[in-house]
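Here is a short briefing on one protein model. Have the sequence and the 3D view open as you read.

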Amino acid sequence: MHFIYLDESGDLGLINSPTSHYILAGFSIHHGDWLAFSDLLKSFREEVQTRYGYPADKELHAAELLGGAKSLCGVGRHERLLIARQMIYRLSQCGFIKVFAWIVRKSSVNPLGVVAPCVMRDLDQWARDGAFGVASSCEHKGYFVIHDRTSTPLFKGVPRPLSLIGHPVGQCSREVEMIQVADLIAYAVKQKYSPNGYARSSGVVTLCDKLKPITLGWLEMP
């Protein structure tokens, strides 16, 4: 079985919204690799705390990490950018995960109504094709979806694909480090398609390109 972790970047608003795109992104990991990946994240957070002073138990929230604050937990903006870059690099070296994102340019339609069915369709197809990796050699190619808990249910009313195990579960990102990884992926993709000034000047606009070796695609919705 694969775990799928998802998070959003950009809001769903169509009027007076600061964002032009809505992103839903994340990654897959086989249950057999879950503990190894968890240990990798824990080791990385300990290294970051030792080197930069960023607390290992603080939520790694991309909008804060790469935000405009001069100091966050006593860590300056340049150092926080280095943390994000190093995190992306570590992910790019993990051959046992796959990353992906769906991008919607917001217009008069409901962005979530556009993207949610596509997410379920693509995840189901990837699962059946063995695109997530390890599962291709296993008899069971099912997947379980965990996403950041939001006020708007992400997949309400979306038909359940055959390969989906149970129902998608929303959990608080502050308590689930894997969702924080999905958040960083989503934020990096958003800065590629709808970059702010800092993303352009600092190179964050190309950050998600470093994940190309392990991506199943950044999928733009029409």
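Helices (H or I, at least four residues) and strands (E, at least two) are DSSP runs, numbered from the N terminus. This is a predicted model: local features need pLDDT of at least 70, side-chain atom pairs count only at pLDDT 80 or more, and totals for chains, interfaces and linings use all residues. Residues are numbered from 1 along each chain as its sequence is written, and side-chain values use heavy atoms, with hydrogens and water left out.

**Leu14**
- Leu14 sits in the loop between strand E1 (2-9) and strand E2 (21-30).
- Leu14 is partly exposed, at 42% relative accessible area (buried is under 20%, exposed over 50%, partly exposed in between; 1.4 Å probe, protein chains only).

**The sheet**
- Six strands form an open, mixed sheet in the order E7-E6-E1-E2-E5-E8; strands pair if DSSP finds at least two bridges between them.
- Strand E7 (169-171) and strand E8 (215-221) are the edges, each pairing on one side only.
- E1 and E2 run antiparallel, joined by eight bridges.
- Asp7 stands opposite Ala25 in E2.

**Helix against helix**
- The axes of helix H3 (residues 77-92) and helix H5 (residues 177-193) come within 11 Å and cross at roughly 105 degrees; axes are lines fitted to C-alpha atoms over the stretch in contact, and angles run from 0 to 180 degrees between N-to-C directions.
- H3 is therefore roughly perpendicular to H5 (65 to 115 degrees).
- Ala84, Met87, Ile88 and Leu91 of H3 make the contact with Val181, Leu184 and Ile185 of H5 (heavy atoms within 4.5 Å).

Conventions. Parallel < 35°, antiparallel > 145°, perpendicular 65-115°, else oblique.
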